[in-house]
Amino acid sequence: MARIAFIGGGNMARSLIGGLLKTGVAAANLRVAEPLAQARESLGRDFGVATFADNRLAVADADVLLLAIKPQVMPAIHAELRDTLQRNRPLLMSIAAGVRIDQLERWFGNLLPIVRCMPNTPALIGAGATGLCANLRVTPQQREQAQHIMDAVGVTRWIHDEALMDTVTAISGSGPAYFFAIVEALEDAAVAQGMPRETARILATQTCLGAGRMLVESNEAPSVLRQRVTSPNGTTQAALESFSADQLPRIVARAVAAATRRGEELAAALDKD
């Protein structure tokens, strides 16, 4: 069984560790480097994994190294890890938003097998959606390892053109916030018409949950499900016509394009370090 080391013990790392333990990975095969003593104690207590303040000790004999840190931290840690990684050449996985594979190769060495991952926050409850992209040094076995790790917190899809990873970030990485904003708007609209806020929130959130489950469990296209809800000249049609008049598809397309551009800009900013 692969030995997996995490750099960073935040919420996403905790979710992945918990998910991996549920799939049968032994706690003895997991280790975490985390600078905060309180966080290390919590990880050890909650999951029974080994924790380290020193990144180099955590990765010393790892088969897989998962970088669960913020993008801006990435350049700062490569100096202490580069030599160890070049000697051992573990599978390097990164979940840092916007960090490209060529940047990871420049910082940590171009001989490494690298998988870039873009999960989202529903991974915290085991309902994540993750895009994966690999460089040419990743073997079929390592692709399976990477997918197994990310499958522990939701669904995964391989992206063969890394340029589309910024689109993954815009769709699924940032996507939960779009739905939270829609639920906020539904809640506020109901309150404006006189409904108590607690009732409005329960109805709006449960509607979002139910619609999401129908999308996943029915295997039907969203357009088909939309049509089934829409009776001719009914209330749903009136609402959808209002959306159309306000150009909802164009609003969404512009938002996704803006998020994609911002991902590209963040990656470009790291090139200056």
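Figure 1. Helix H5 lies across strand S4 (64–67), strand S5 (91–94), strand S6 (114–118) and strand S7, and runs at about 130° to S6. Helix H7 (residues 165–173) lies across S6 and S7, at about 30° to S6. Helices (H or I, at least four residues) and strands (E, at least two) are DSSP runs, numbered from the N terminus. Axes are lines fitted to C-alpha atoms, for helices over the stretch in contact, and angles run from 0 to 180 degrees between N-to-C directions. Contact means heavy atoms within 4.5 Å. This is a predicted model, in which local features need pLDDT of at least 70 and side-chain atom pairs count only at pLDDT 80 or more, while totals for chains, interfaces and linings use all residues. Residues are numbered from 1 along each chain as its sequence is written, and side-chain values use heavy atoms, with hydrogens and water left out.

**Figure 2. The eight-stranded open sheet.** The 8 strands follow the order S3-S2-S1-S4-S5-S6-S7-S8, with mixed pairing. Two strands pair if DSSP finds at least two bridges between them. Strand S3 (50–52) and strand S8 (154–158) stand at the edges with a single partner strand each, so one side of each has no neighbour in the sheet. On average, neighbouring strands are turned by 20° against each other, direction ignored. Strand S7 (residues 128–134) pairs with S8 in the parallel sense over 5 bridges, and leucine 132 stands opposite tryptophan 158 in S8. S5 and S6 also pair in the parallel sense, over 3 bridges; here methionine 93 stands opposite valine 115 of S6.

Figure 3. In S6, 5 of 5 residues are buried, where buried means under 20% relative accessible area, exposed over 50%, and partly exposed in between (1.4 Å probe, protein chains only). Ile114, Arg116 and Met118 are buried on one side of the strand, and Val115 and Cys117 on the other. Methionine 118, found in S6, has 10% relative accessibility and therefore counts as buried. Leaving aside neighbours within four places in sequence, methionine 118 is in contact with Ala97, Ala129, Thr130, Gly131, Met165, Val168, Thr169 and Gly173. Methionine 118 and glycine 173 are 55 residues apart in sequence, with 6.6 Å between their C-alpha atoms.

**Figure 4. Packing of helices H4 and H5.** Helix H4 (residues 74–88) and helix H5 (residues 101–108) pack at an angle of about 65°, their axes being 7 Å apart. H4 contributes Met74, Pro75, Ile77, His78, Leu81, Arg82, Leu85 and Gln86 to the contact, and H5 contributes Leu104, Glu105, Arg106, Trp107 and Phe108. By class, this contact has 8 nonpolar, 2 polar and 3 charged residues. Ala, Val, Leu, Ile, Met, Phe, Trp, Tyr, Cys and Pro count as nonpolar, Asp, Glu, Lys and Arg as charged, and the others, Gly among them, as polar.

**Figure 5. The second largest pocket.** This pocket has a volume of about 640 Å³. Among the 28 residues lining the second largest pocket, the closest to its centre are Met12, Ala68, Ile69, Lys70 and Ile95. Helix H1 (residues 11–22) gives the most to the lining, with 3 residues. The lining divides into 18 nonpolar, 8 polar and 2 charged residues. On a 1 Å grid over the protein atoms alone, a pocket is an open set of points where a 1.4 Å probe fits, with protein on both sides within 12 Å along at least five of seven lines; lining residues have an atom within 4 Å of a point. Grid points are joined across faces, edges and corners, and a volume is the space filled by probe spheres set on the points.

**Figure 6. Glutamate 187 in helix H8.** Glutamate 187 lies in helix H8 (residues 175–192). Its relative accessibility is 6%, so glutamate 187 counts as buried. Apart from neighbours within four places in sequence, glutamate 187 is in contact with Arg197, Ala200 and Arg201.

Figure 7. Asparagine 233 is placed in the loop between helix H10 (222–229) and helix H11 (235–245). Phi of asparagine 233 is near 60°, a positive value in a residue other than glycine, and asparagine 233 counts as exposed at 72% relative accessibility. Glutamine 247, in the loop between H11 and helix H12 (248–270), likewise has phi near 60°. Glutamine 247 is partly exposed, with a relative accessible area of 36%.
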